[in-house]
Amino acid sequence: MSLRRTVVFQGEPGANSHIACREVFPDHEAVPCATFEDAFAALQNGEADLGMIPIENSVAGRVADIHHLMPTSGLTIIGEFFLPLSHQLMAIPGASLATVKTVESHVMALGQCRNIIRKLGLKAIVGADTAGSARLVAEAGDPTQAAIASRLAAEIYGLDIIAENIEDEAHNTTRFIILAKDGEWAPAGNGPTVTTFVFRVRNVPAALYKAMGGFATNGVNMTKLESYQMDGKFFATQFYADVVGHPDDASVKLALEELAFFSKELRILGVYPAHPYRIALSAAE
């Protein structure tokens with residue numbers, strides 16, 4: 001009998017990443033990791049088959065750690081998943097909105113629920129993750145403490161939901177990337193595709209402008225372009241980008257060739273099917 005395949009996530013049981021794992025890979029064992037570094041290491045060491053890693057949120061923006069971990073990880077992005085988030089305010093049984101004074105959660109979740117935190121006058125406490133915050137509130141047994149987490153977390157840790165769906169924006173959605181150690185590119189000509197890559201431009205005048213020109217002239221849709229400093233140096237900038245299309249598509253191929261000419265480093269991190277959520281958003285525009 002073969003062993004059950006595993007998918008790792010950062011956080012504790014009941015975290016939103018755990019929910020994403022269950023929705024996409026219901027036949028895999030979802031394995032929690034304390035940190036993103038631990039999740040990446042499990043994949044790199046062959047201790048896990050897949051990773052479900054959040055990379056950006058429609059309200060709170062990017063998950064910064066991932067942009068620093070991905071380029072040197074040796075892992076491949078083989079898919080993406082969009083999870084609409086619904087945050088719940090929870091506390092121990094018997095607690096209420098009148099008793100709670102503090103709220104703990106992951107910094108991203110706190111940022112996505114600023115309105116109700118301000119309205120209730122709660123003191124926000126940054127926790128390692130949403131589900132871990134729920135566990136700590138359950139263990140404390142203090143009616144003045146609350147957590148922001150998922151319904152699954154409330155169920156796992158025996159907490160009561162005292163305010164439902166408290167996110168500031170109805171469109172609150174987190175995008176996850178699915179990682180594998182020896183992942184392959186999605187084949188060309190098999191539906192909408194996303195190509196993710198990182199690059200550093202050469203130190204010449206207008207290098208970034210010239211590097212990006214190939215995507216415009218070849219009609220390639222770039223859906224993400226973010227910069228971040230390398231090694232703590234203000235002048236060493238790396239860029240992280242997503243484009244719609246496959247490197248074997250004529251337009252994308254030409255654009256990447258032009259980018260490579262003006263870059264001192266270019267690395268493709270993954271070529272994978274576009275998620276239906278992305279396709280639906282594009283169709284609605």
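User: What share of the contacts in the protein between residues at least 6 apart in sequence joins residues at least 24 apart?
Analyst: The share is 74%. A contact here means heavy atoms within 4.5 Å. The structure is a predicted model, in which local features need pLDDT of at least 70 and side-chain atom pairs count only at pLDDT 80 or more, while totals for chains, interfaces and linings use all residues. Residues are numbered from 1 along each chain as its sequence is written, and side-chain values use heavy atoms, with hydrogens and water left out.

User: How many helices and strands does the protein have, and what makes a run count as one?
Analyst: There are 10 helices and 15 strands. Both are DSSP runs numbered from the N terminus: a helix is H or I over at least four residues, and a strand is E over at least two.

User: Why is the protein called as compact as a globular protein of that length?
Analyst: Its radius of gyration is 21 Å, close to the 19 Å from the globule rule for 285 residues, so the description holds. The radius is taken over C-alpha atoms, and the rule is 2.2 Å times the number of residues to the power 0.38. Along the principal axes, the C-alpha atoms fill a box of roughly 65 × 50 × 40 Å.

User: What part of the protein counts as buried, and what does the word mean?
Analyst: Of the 285 residues, 49% count as buried. Buried means under 20% relative accessible area, exposed means over 50%, and partly exposed lies in between (1.4 Å probe, protein chains only).

User: What is the accessible surface of the protein?
Analyst: The accessible surface is about 13,600 Å², and 54% of it belongs to carbon and sulfur atoms. Such areas come from the Shrake-Rupley method with a 1.4 Å probe; for residues, only the protein chains shown count as cover.

User: How many side chains are positive and how many negative?
Analyst: The protein has 22 positive and 32 negative side chains, with the centres of the two sets 6 Å apart. Lys and Arg count as positive, Asp and Glu as negative, and His and the chain ends are not counted. Each charge is placed at NZ of Lys, CZ of Arg, CG of Asp or CD of Glu.

User: Is Ile66 buried or exposed, and how do you know?
Analyst: Ile66 has a relative accessible area of 0%, so it is buried. Ile66 is found in helix 3. Leaving aside neighbours within four places in sequence, Ile66 is in contact with Phe36, Phe40, Ile53, Pro54, Ile55, Pro71 and Ile177.

User: Where does Ser73 lie, and why does it count as buried?
Analyst: Ser73 lies in the loop between helix 3 (64–69) and strand 5 (76–84). Its relative accessibility is 10%, so Ser73 counts as buried. Beyond its neighbours within four places in sequence, Ser73 is in contact with Phe40 and Gln44.

User: What does the side chain of Ser73 reach?
Analyst: The side chain of Ser73 reaches the backbone oxygen of Met70 at 2.9 Å. A polar contact is a pair of N or O atoms within 3.5 Å; within protein, one must be able to donate a hydrogen and the other to accept it, and residues adjacent in sequence count only if both atoms are side-chain atoms.

User: Why does Arg278 count as buried?
Analyst: Arg278 has 11% relative accessibility, so it counts as buried. Arg278 lies in helix 10 (residues 276–284). A polar contact of 2.7 Å joins its side chain to that of Glu80.

User: Why is Arg200 called partly exposed?
Analyst: The relative accessible area of Arg200 is 23%, so the residue is partly exposed. Arg200 is found in strand 12, and its side chain makes a polar contact with the side chain of Glu265 at 2.8 Å. Arg200 and Ala260 are 60 residues apart in sequence and 9.3 Å apart in space, C-alpha to C-alpha.

User: Is Glu155 buried or exposed, and what is its relative accessible area?
Analyst: Glu155 has a relative accessible area of 65%, so it is exposed. Its place is in helix 7 (residues 151–157).

User: What is phi of Asn165, and where is this residue found?
Analyst: Phi of Asn165 is near 45°, a positive value in a residue other than glycine. Asn165 is found in the loop between strand 10 (160–163) and strand 11 (173–180). At 42% relative accessibility, Asn165 counts as partly exposed.
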